[in-house]
Structures are given as structure tokens and as C-alpha cells.
Amino acid sequence: IFERDAWFRWRYNIRLQAATAEHWLRGRDLERASKFALQLLDTATQYEAHKYIAVAHRLLAQVAIANGELAEGEKQFNVALSELDHHPSPLVAWKTYADLGRLKSQLGDSPSAREFFAKAAEIVNSIVASVSDEGLRTTFMTSEAVREVLNGAAKSASS
């Protein structure tokens with residue numbers, strides 16, 4: 001496919017850069033994760049792929065947090081959310097809000113954590129409402145990440 005669709009190669013590369021950054025982040029090789037996240041940001045900016053600009057900032061935030069640079073992580077999450085405000089991508093947005101909720105919780109800012117989890121839950125619920133396949137909806141709703149968001153949002157509603 002890569003050889004056959006040379007004109008669309010940038011799209012494959014952008015997805016590969018995002019997946020590679022996530023791989024190195026999970027493997028705790030933060031230098032490599034950062035390298036691929038920055039390459040992703042450059043490529044996404046060049047091609048005006050706004051979803052991936054937000055993904056790159058989200059990955060850079062995760063790298064910063066893993067390096068103990070919490071303020072930089074928060075800054076990168078906010079840049080990602082600003083991009084998503086102008087160019088919505090619900091599947092990226094809910095994860096970014098959840099990440100920011102986790103960071104705020106880690107910083108001891110429970111009210112802000114609940115607020116971000118509530119925003120993530122709002123997006124999750126709108127995604128679920130648009131899924132007609134019951135099995136897919138159940139898989140999504142029972143995933144650990146979604147349960148964490150909904151639990152965080154429930155705490156917000158009870159406060």
C-alpha cells in the first residue's frame with residue numbers, strides 16, 4: 001500500500017509516527033517517544049492535520065509528565081485542547097480531557113480533576129449515543145479508560 005499510494009504516503013507516515021511515539025512512551029523510552037512526537041508535530045503542522053497536531057501535543061504532555069515536568073505537561077495538554085476547540089476530534093478530545101483530569105488529580109486539584117473528567121464524560125456519552133452496534137458500544141463503555149472517566153465525572157456530579 002505504501003508503494004502503491006505514494007501520493008498519500010504522508011497520511012500513513014503521520015499515523016506511524018503517532019503509534020511509534022505511543023510505543024516508546026509505553027516502553028518508557030522517553031527520548032525516543034519525544035523524538036517521534038516532535039516529528040509527528042512537524043508533519044501534522046506541515047499538512048495541517050489538526051487532529052494529529054493535537055495528538056502530538058498530547059503525547060508531548062505525556063512525555064513531560066513521565067519526566068516529572070508536570071507544568072510542561074499541563075501546558076501541552078492545554079495546547080492540544082486549544083487545537084481541538086478549533087478543529088474538533090471527539091476521540092482525541094475525551095482522552096485529552098481524561099489525561100488532564102488525571103494530572104489535576106495527581107497535583108491534588110480535585111475540583112479541576114472532576115471538571116475535566118466531566119468534560120471527558122460528556123464527549124464519551126455523545127460518542128456512545130452515535131454508536132448503533134451494541135457490541136461495540138458495550139466494549140467501549142466497559143473499557144478501563146472510559147470507566148475511569150465516568151467514575152471521575154460521577155464524583156463531580158455528587159460534589
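Colleague: How many aromatic pairs does a search of the whole structure find?

Modeller: The search finds two aromatic pairs; rings of Phe, Tyr and Trp (its six-membered ring) pair if their centres lie within 6.5 Å, and planes under 30 degrees apart count as stacked, over 60 as edge-to-face and the rest as tilted. This is a predicted model, in which local features need pLDDT of at least 70 and side-chain atom pairs count only at pLDDT 80 or more, while totals for chains, interfaces and linings use all residues. Residues are numbered from 1 along each chain as its sequence is written, and side-chain values use heavy atoms, with hydrogens and water left out.

Colleague: Why is the pair of Trp 94 and Phe 140 called edge-to-face?

Modeller: The ring centres of Trp 94 and Phe 140 are 5.8 Å apart and the planes stand at 90°, so the pair is edge-to-face. It links distant parts of the chain, with Trp 94 in helix α5 and Phe 140 in helix α7 (residues 134-141), 46 residues apart. Helices here are DSSP runs (H or I, at least four residues), numbered from the N terminus.

Colleague: What makes the pair of Tyr 97 and Phe 116 stacked?

Modeller: The planes of Tyr 97 and Phe 116 are 20° apart, and the centre-to-centre distance is 6.2 Å. Tyr 97 belongs to helix α5 and Phe 116 to helix α6 (residues 110-129), so this pair ties together parts 19 residues apart in sequence.

Colleague: Why is Tyr 97 called buried?

Modeller: Tyr 97 has a relative accessible area of 14% and is therefore buried, given that buried means under 20%, exposed over 50% and partly exposed in between (1.4 Å probe, protein chains only). Phe 116, at 12%, is buried as well. Thr 96, located in helix α5 (residues 90-106), has a value of 0% and is therefore buried.

Colleague: Which residues is Thr 96 in contact with, leaving aside its neighbours within four places in sequence?

Modeller: Thr 96 is in contact with Arg 58, Phe 77, Ala 80, Leu 81 and Leu 84, where contact means heavy atoms within 4.5 Å.

Colleague: What makes Arg 28 and Glu 48 exposed?

Modeller: Arg 28 has a relative accessible area of 55% and is therefore exposed; Glu 48, at 57%, counts as exposed too. Arg 28 lies in the loop between α1 and α2 and has a positive phi of about 65° although it is not a glycine. Glu 48, in the loop between α2 and α3, has a positive phi of about 55°, and it is not a glycine either.

Colleague: How do you know that α6 and α7 are roughly antiparallel?

Modeller: These helices pack at an angle of about 165°, with axes 10 Å apart; the axes are lines fitted to C-alpha atoms over the stretch in contact, and angles run from 0 to 180 degrees between N-to-C directions. Angles under 35 degrees count as roughly parallel, over 145 as roughly antiparallel, 65 to 115 as roughly perpendicular and the rest as oblique. α6 and α7 are therefore roughly antiparallel. In their contact, Val 124, Ile 127 and Val 128 of α6 meet Arg 137, Phe 140 and Met 141 of α7.

Colleague: Why are α3 and α4 called roughly antiparallel?

Modeller: The axes of helix α3 (residues 50-66) and helix α4 (residues 70-86) cross at roughly 170° and come within 7 Å. α3 and α4 are therefore roughly antiparallel to each other.

Notes:
Helices (H or I, at least four residues) and strands (E, at least two) are DSSP runs, numbered from the N terminus.
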